[in-house]
Amino acid sequence: RSASKKHLSQIHAQLIVSGLQESNFLVTKFVHVSANLGEIQYARNVFEVIPQPNVFLWNAIIRGYSRCNLFEDALWMYSRMQMEGVNPDGFTLPYVLKACSGVSGLRIGRTVHGQIYRHGFQFDVFVQNGLVALYAKCGQIGKARAVFDGLYDRTIVSWTSIISGYAQNGQPLEALRIFSEMRKSDMKPDWIALVSVLRAYSDVEDLKQGKSVHGFVIKVGLQLEPDLLIGLTAMYAKSGEVLVAKVLFDQMEMPNIILWNAMISGYAKNGYAGEAVELFRKMISKNCRPDSISVRSTIIACAQVGSVELARWMDTYIEKSEHRNDVFVNTALIDMYAKCGSVDSARSVFNRTLHKDVVVWSAMIVGYGLHGRGREAIDLFHEMKQAGTEPNDVTFVGLLLACNHSGLVQEGWEYFHCMKRDHGIEPRHQHYACVVDLLGRAGYLDKAYDFIKNMPMEPGITVWGALLSACKIYRHVPLGEYAADRVFSLDPLNAGHYVQLSNLYASTGLWDGVSKVRVLMRERGLSKDLGYSVIEINGELQAFQVGDKSHTRSKEIYEELESLEKRLLEAGFIPNTDSVLHDLNNEDKAMSLCNHSERLAIAFGLISTPPGTTLRITKNLRACVNCHSATKFISKLVEREIVVRDANRFHHFKDGFCSCGDYW
């Protein structure tokens, strides 16, 4: 066992000199040592000179291949063993079953299962444990459970195999139930079982119990076990406790790809987009090759950041990597560019994608929908059908969104009804909400309400919220109040709904109603979300709030604002003062309309970039009516394209017009 690789040839030579090169016993030992040192080919060469290997020697070579994850070679040697008339024993079969699991060889595994009965090993716990693991890894959890239930003497491996099987096959509750049963039997879990238990608690989003397992891990001294560190990091990251996850992540000197992915994904899914991107950069700087999961998680983070420059950097990186033809990665890129405001770049990725499945087509259609380019979305939908790709429910979400944002009422109505009629797709709640919004924005309030009453499912928040928003646009108080009541009962702690109702009252001069809503919000401990706008300048993001004077160039910004205001008034712009006095969308008490966050961002962009540069702004709330009108004027006055992403969609302002056609 103490032999090193360089001594193997010397030992082999001594066997030959001593005339012992055909000794089954000594060669078996030699094969074991060679395989343990990773020299499996050397072991194979020595094995092949033995004229009649016994079962122990066959076991050694099969075990060697299986331990080196050369599963197909292990199965081939087992086949040869049988052809040469050597029967397996209780040490052969576990490694053969492991090899079957490694290649997902369910058919071969079933054959081996039959041989286990034929050779009388149906009560051998080690062999039966191998069967449990095989069926679990091949997705046959029912068969794995049947074998497990037939075990008379269950070892820790038995329990671990079935718990892992349930956790890996999407049945976390059953995994946890069996773990509880295991604990009652006084069987102490090993680190492998704990990894699966952590995964199960993560899947059922039970962080409290997951923390209990973490405490147990520390108590038994397993906190530095690499796979447990990965499981704990993934659990905390998925549960939103990314700071705890990062502490655990930093304990690993050489994180593997699974750990990198857990941390990057945790950041991306919990609002730490910038940190996710920085961690990805760190990952590639350490020459750790990202896989498809790493790349897709980072693309999601880039989409959240909203920076076109960052999006282009990510796209360039992927173009130079082995992921450039990965359909899942390209789909994520399309979504990223669309959410960063460059739908034309999204279309470029779409065009270069070689194998377009329904997800790729749908991503591009949804992208057009976000930008209000309804006709292009419809044209692409027809191209998709001509290409022989059948649409799915997401395709129709994008299509209805595009019609909604473009005012294509008749087209949207027809596409909704053709879902089930022509494609057999049952509309989901999201589709119904799109249609209510489509009808409501166009002024068909009664038709929208009738549509809701005839829904085959209970209307949810988005449906009633869409109707409430439409009532605000058309100042329909009774129906708006009814919709608000429904929304409040479903989601009583969302301040945005109360703001909508207050805006409705304000738009019709019902100030008592406004006061009642404010009192109701105070009683429920609610406050309006603080509005802010972010602009990207030279790859860096700058944030502004209403009346913000914290920026180092604040004096220049306000001078530019004052200049713009004068030019606007000279050009005939008439401010909408209602939005100053009564709009509760976060900036209702601003001293001046021109101090709104998006106006500050525009002014900063104008003094920070050369003439003709496109300004890209992201606003966390929907823009007020006044700022929308002013931005149209500004785009013409300064001869710039201004792209604004608000809470619902994109607005492309150019030459005095907006891509939404004032339909928003």
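Tutor: This is a predicted model, and its secondary structure consists of 35 helices and six strands. The radius of gyration is 33 Å, well over the 26 Å that the globule rule gives for 664 residues, so the protein is more spread out than a compact globule. The C-alpha trace spans about 105 × 55 × 55 Å along the principal axes, and the protein exposes about 31,200 Å², of which carbon and sulfur atoms supply 52%. There are 72 positive and 71 negative side chains, with the centres of the two sets lying 3 Å apart.

Turning to the interior, 51% of the 664 residues count as buried, and among contacts with a separation of 6 or more, 63% are between residues 24 or more positions apart. In soluble globular proteins, nonpolar side chains tend to be buried together. Here the largest nonpolar core holds 165 residues, and the members that touch the most others are Ile 61, Ile 162, Ile 299, Met 336 and Leu 467. If residues up to four places away in sequence are not counted, Ile 299 touches Met 314, Ile 318, Val 329, Ala 332, Leu 333 and Met 336, and Met 336 is itself one of the members of the core that touch the most others. A second, separate core has 25 residues, including Phe 544, Tyr 558, Ala 603 and Cys 658.

With neighbours within four places in sequence left aside, its contacts are Arg 44, Phe 47, Trp 58, Ile 61, Ile 62 and Tyr 65. Met 77 and Ser 185 are 108 residues apart along the chain, and their C-alpha atoms are separated by 39 Å.

Cys 658, named above in the second core, is also a contact of a charged residue, Lys 632. Lys 632 belongs to helix H35, residues 625–637, and is buried, because its relative accessible area of 16% falls under 20%. Besides Cys 658, and again leaving aside neighbours within four places in sequence, Lys 632 is in contact with Phe 653, Gly 656, Phe 657 and Asp 662.

Thr 111, in helix H7 (residues 106–118), is partly exposed, since its relative accessible area of 44% lies between the limits of 20% and 50%. The C-alpha atoms of Thr 111 and Asn 45 are 29 Å apart in space, while the two residues are 66 apart in sequence.

Most residues other than glycine have a negative phi. Glu 205, however, has a positive phi of about 55 degrees although it is not a glycine, and Asn 287 likewise has a positive phi, near 60 degrees. Glu 205 sits in the loop between helix H12 (191–203) and helix H13 (207–219), whereas Asn 287 sits in the loop between helix H17 (273–285) and helix H18 (292–305). Glu 205 is exposed, with a relative accessible area of 67%, and Asn 287 is exposed as well, with a value of 73%.

Methods:
Residues numbered from 1 in each chain as written. Predicted model: local features only at pLDDT ≥ 70, side-chain atom pairs only at ≥ 80, totals over all residues. Heavy atoms only, no water. Helix = DSSP H or I, 4+ residues; strand = E, 2+ residues; numbered from the N terminus. Rg over C-alpha atoms; globule rule 2.2 N^0.38 Å. Buried < 20%, exposed > 50% of the residue type's maximum accessible area, 1.4 Å probe, protein only. Contact = heavy atoms within 4.5 Å. Areas by Shrake-Rupley, 256 points an atom, 1.4 Å probe, with all protein chains shown as cover. Lys, Arg positive; Asp, Glu negative; His and termini not counted. Charge placed at Lys NZ, Arg CZ, Asp CG, Glu CD. Core = buried A, V, L, I, M, F, W, Y, C linked by side-chain atoms within 4.5 Å.
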